[in-house]
Amino acid sequence: MKQVTKGQWNGYDTYILHSRELEVTLLPRLGNNVISLWDRIKERQIVRQPDESDLNSYLQKPYHFGIPLLVPPGRIRGGQFQFGGTSYRFDRNAGEHHIHGLHRTQAWCVSDIEEDEDGCAVTTEFITSDDPDWIRQFPEPLKLEMTFRLQDARLRQTLKVTHLGSTPVPFAAGYHTWFMLDGTPGSWEVTLPAESVCELNEELLSSGRMLPLGELKSLHSGLNLQGMNLDTVLHLAEQQPAEAVLMRDDGYGLRYSADGKLFRHWILYTKGEADQYLCIEPLTWLPDAPNLPQEASLTGLLTLEPGQTLALDSSLQLIYPE
C-alpha cells in the first residue's frame with residue numbers, strides 16, 4: 001500500500017498517498033492543499049474536508065479546509081508595512097486589514113513522485129512570479145517547493161523556499177490545520193508547551209506584548225476542549241519542542257510537530273465554542289510582525305537574502321491506543 005495514485009476532485013487531479021494506516025489526498029492545482037487525511041485503521045476523517053458539491057466555498061476560503069499553507073500567516077494592519085526601504089501593500093481582504101497571505105488557490109506542478117519500501121512521497125512546486133496578483137503585492141519572486149512524505153502513520157511536509165530576486169525580503173509561513181473533534185469536544189485534550197499569550201487588540205491585531213497563560217496554563221498537562229472558545233496566539237517556551245498533542249480520552253490522538261527553531265508561535269482556534277473543529281496553527285511569525293516594534297527574535301520576522309533557500313519541516317504522527 002506504499003504507493004501514490006491519482007484521483008479527481010471537481011475536475012482537478014488529486015494525488016493520493018497510501019500507507020497501511022493513512023490515505024493522504026493532495027490537490028496541487030488548487031493551492032496544493034491536503035484536502036483529506038483518512039485514517040484507515042479507525043475509518044475516520046482527521047481533517048475538515050471540503051465538500052465536492054460546494055466548490056465555491058473552497059475557492060473563497062481555501063484556508064478553511066485541510067492543511068492549508070499560509071504565506072504569510074495572520075493579519076497585517078491595513079495590509080501595509082515597510083521592509084528594507086520597500087513599501088509592501090497587500091490587498092485588504094479582512095475589513096481594513098489583510099489576512100492569511102498571498103497563497104490561496106494557485107496551481108502547483110507535481111515535479112516528483114517516489115515510492116519505496118519505507119513509504120511514498122509527492123513533491124510539488126510553484127514560482128510566485130507566475131501569479132500576477134502575487135507578484136503585484138510581493139514583487140520579489142520566490143520558488144516554493146513542497147514535499148509530502150507518508151511513512152506508516154506519519155505525514156511529513158517539507159517546504160523549501162528559494163529567493164529568486166535581487167533584494168532581501170521578509171518571509172513567514174504557517175499552516176491553518178483543521179482537526180476534527182467529531183462533535184465531542186469534551187473527549188479531547190490538547191497539550192502545547194506555551195509560555196505566554198500574545199495580546200491582541202479588538203481588531204485581532206498583535207500588540208507584541210506577551211501576557212501570562214492564566215487559565216490556559218493547563219495546556220502543559222492537557223487542556224480539555226469542552227466549553228473552550230479559542231482564537232489565541234501562543235508563544236512557545238524556549239528549549240521546549242514545537243509540537244502540539246491532541247488526544248482523545250480512549251488513548252487515540254495525534255502529535256503535530258514543526259521545526260522548533262522557526263515555528264515558535266502557535267494559534268489555537270475553535271471557530272466559536274469548540275464543537276466540530278480545533279485548528280492548530282504553527283506560525284513562523286506573530287501576526288502583523290513587520291509592523292511591530294519588537295525585535296525579530298521575538299516576532300519571528302525572517303529575512304531571505306537573494307539566492308537563499310530556507311527549509312521548513314513539519315509532521316503529523318497518529319497515536320493509537322496500546
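Trainee: What makes Leu22 count as buried?

Mentor: Leu22 has a relative accessible area of 1%. Buried means under 20%, exposed over 50% and partly exposed in between, with a 1.4 Å probe and protein chains only, so Leu22 is buried. Bear in mind that this is a predicted model, where local features need pLDDT of at least 70 and side-chain atom pairs pLDDT 80 or more, while totals for chains, interfaces and linings use all residues. Residues are numbered from 1 along each chain as its sequence is written, and side-chain values use heavy atoms, leaving out hydrogens and water.

Trainee: Which residues are in contact with Leu22, leaving aside its neighbours within four places in sequence?

Mentor: Contact means heavy atoms within 4.5 Å. Among the residues that meet this for Leu22 are Leu17, Trp38, Ile46, Leu150 and Leu318. Leu22 itself is found in strand E3 (residues 22–27); strands are DSSP runs of E with at least two residues, helices are runs of H or I with at least four, and both are numbered from the N terminus.

Trainee: Why is the protein chain said to agree with a compact globule?

Mentor: The globule rule is 2.2 Å times the number of residues to the power 0.38, and the radius of gyration is taken over C-alpha atoms. For 322 residues the rule gives a value near 20 Å, and the chain has 19 Å, so the two agree. Of those residues, 54% count as buried.

Trainee: What makes a set of residues a nonpolar core?

Mentor: The members must be buried Ala, Val, Leu, Ile, Met, Phe, Trp, Tyr or Cys, joined through side-chain atoms within 4.5 Å. The largest such core here has 77 residues, and Leu159, Leu225 and Trp266 touch the most other members. Strand E13 (residues 142–151) gives the most to this core, with five residues. In soluble globular proteins, nonpolar side chains tend to be buried together.

Trainee: How do you know that the lining of the largest cavity is 12 nonpolar residues?

Mentor: Ala, Val, Leu, Ile, Met, Phe, Trp, Tyr, Cys and Pro count as nonpolar, Asp, Glu, Lys and Arg as charged, and the others, Gly among them, as polar. The lining includes Val71, Pro72, Phe81, Trp134 and Ala172, and by class it has 12 nonpolar, no polar and no charged residues. A cavity is a set of points on a 1 Å grid where a 1.4 Å probe fits but cannot get out, and lining residues have an atom within 4 Å of a point.

Conventions: On a 1 Å grid over the protein atoms alone, a cavity is a set of points where a 1.4 Å probe fits but cannot get out, and a pocket is an open set with protein on both sides within 12 Å along at least five of seven lines; lining residues have an atom within 4 Å of a point.
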